[in-house]
Amino acid sequence: MPLPLVYHDDYSPPFPAGHRFPMEKFRLLRDHLVASGLTRDAELLRPEPCPREILELAHCPAYVARFLNGELDAAELRRLGLPWSEALARRTVRAVGGSLLAAELALEHGLACHLAGGTHHAHYDHASGFCIFNDLAIVARYLLEAGKVDRVLIFDCDVHQGDGTARLLEDVPEAVTVSLHCEKNFPARKARSDWDIPLPVGMGDADYLKVVDDTLSYLLPLYQPDLVLYDAGVDVHRDDALGLLQLSDAGIADRDATVLRHCLTREIPVAGLIGGGYDKDRQALARRHGLLHHAAARVRAEFA
């Protein structure tokens with residue numbers, strides 16, 4: 001079977017031109033992976049929308065309803081940073097379903113990747129930082145409550161701390177939250193993950209990769225999770241508009257391969273989600289996100 005890759009055409013709905021959030025990057029990522037020969041569009045696995053009862057495992061039912069019905073007030077929309085539309089609501093619920101499908105495919109096949117996901121700033125009853133529903137927390141809670149895993153580890157390498165994930169899972173000891181993030185970046189008020197690893201402004205490839213390697217070498221044997229959810233944010237890149245680290249394309253590719261190898265060497269299933277990435281050059285950004293999927297194909301071949 002080809003590397004399981006999850007995508008839906010709903011992921012890039014019409015969006016205001018020039019908006020800070022690169023909504024078209026999901027479609028461009030699909031186009032890049034097809035053009036580069038990694039996959040064919042017909043091979044991409046299309047998810048169903050996430051059922052509301054599963055969204056409500058991590059989120060306030062009233063908040064879920066208000067968002068889906070377009071009833072967020074102006075202050076809430078400013079905190080979100082996105083203009084509401086029916087297409088955005090449809091895309092949001094579909095993308096959570098995509099992360100859930102990627103996790104289930106990882107449990108079945110050992111490795112799977114989503115072409116979206118990693119919305120780690122969403123909180124119990126409000127949106128934040130372009131994040132509406134927290135797919136990482138939702139998937140972790142669902143798999144645990146369904147008895148499909150006994151322990152899940154979230155390894156978040158987005159440049160921003162996964163504050164929403166930390167707060168949503170702080171009372172779930174079976175869900176281990178790990179956040180490697182730039183110490184002087186959004187959010188200003190950090191939450192408390194199980195493991196927070198703040199990184200200094202300007203950190204480059206070699207130092208960053210050592211932190212990743214050391215962290216996984218310690219935590220994976222310690223917790224022995226049944227699944228790793230890997231948030232492979234590329235806003236650690238030196239050209240990212242919202243990041244303050246200095247990783248290169250090669251550094252990100254090495255990071256992704258390192259994470260996946262650590263998991264597969266220990267026979268721990270891993271689902272890769274793309275996380276954040278912000279660049280006015282949307283084509284370059286799509287290629288940057290695609291480093292995860294190309295690394296996954298290479299590493300999967302090593303373990304075939």
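Predicted model: local features only at pLDDT ≥ 70, side-chain atom pairs only at ≥ 80, totals over all residues.
User: Happy to look at this one with you! Is Asp31 buried, partly exposed or exposed?

Analyst: Residues are numbered from 1 along each chain as its sequence is written, and side-chain values use heavy atoms, with hydrogens and water left out. Asp31 lies in helix 1, helices (H or I, at least four residues) and strands (E, at least two) being DSSP runs numbered from the N terminus. Buried means under 20% relative accessible area, exposed over 50% and partly exposed in between, with a 1.4 Å probe and protein chains only, so at 32% relative accessibility Asp31 is partly exposed.

User: How far is the C-alpha atom of Asp31 from that of Gln283?

Analyst: Along the chain, Asp31 and Gln283 are 252 residues apart.

User: Which residue of strand 7 is the bridge partner of Ala112?

Analyst: Strand 2 and strand 7 (residues 270-273) run parallel to each other over three bridges. Leu111 is opposite Val270 in this pairing. For Ala112, the partner in strand 7 is Ala271.

User: And which residue in strand 7 does Leu229 stand opposite?

Analyst: Strand 6 (residues 227-231) also pairs with strand 7 in the parallel sense, over four bridges. Val228 has Val270 as its bridge partner there. Leu229 stands opposite Ala271.

User: Which residue of strand 2 does Val6 stand opposite?

Analyst: Strand 1 (residues 5-6) and strand 2 make a parallel pair with two bridges. The residue of strand 2 opposite Val6 is His114.

User: Are the residues of strand 7 buried or exposed?

Analyst: In a regular strand the side chains alternate between the two faces of the sheet. Val270 and Gly272 point one way from strand 7, while Ala271 and Leu273 point the other way. Strand 2 (residues 111-114) is likewise covered on both faces, with Leu111 and Cys113 on one side and Ala112 and His114 on the other. As for strand 7, its residues on both sides are all buried.

User: Let's turn to helix 5. How far apart are its end C-alpha atoms?

Analyst: The expected span of a helix is 1.5 Å times one less than its number of residues. Helix 5 (residues 86-109) has 24 residues, so it should span 34 Å. The end C-alpha atoms agree with this, being 34 Å apart.

User: How many residues of helix 5 are buried, and which residue follows the helix?

Analyst: Helix 5 is mostly covered, with 17 of its 24 residues buried. The residue that follows helix 5 has a positive phi, near 95°, and is Gly110.

User: Which helix gives the most to the lining of the largest pocket?

Analyst: On a 1 Å grid over the protein atoms alone, a cavity is a set of points where a 1.4 Å probe fits but cannot get out, a pocket is an open set with protein on both sides within 12 Å along at least five of seven lines, and lining residues have an atom within 4 Å of a point. The largest pocket holds about 710 Å³ of space, and of its 43 lining residues the closest to the centre are His121, Ser128, Gly129, Phe130 and Cys131. Helix 1 (25-35), helix 4 (74-80), helix 5 and helix 7 (163-168) each supply at least two lining residues. With six residues, the one giving the most is helix 5.

User: Which strand supplies the largest share of the lining of the largest cavity?

Analyst: The largest cavity has about 40 Å³ of space, a volume being the space filled by probe spheres set on the points, which are joined across faces, edges and corners. Its lining includes Ile154, Asp156 and Thr177. Strand 3 (152-156) and strand 4 (175-182) are the elements that give two or more residues. The largest share, three residues, comes from strand 4.

User: Finally, how many disulfides does the structure hold?

Analyst: A disulfide is a pair of cysteine sulfur atoms within 2.5 Å. Cys157 is buried at 0% relative accessible area. The structure's count of disulfides is zero.

Notes. Pairing = 2+ DSSP bridges.
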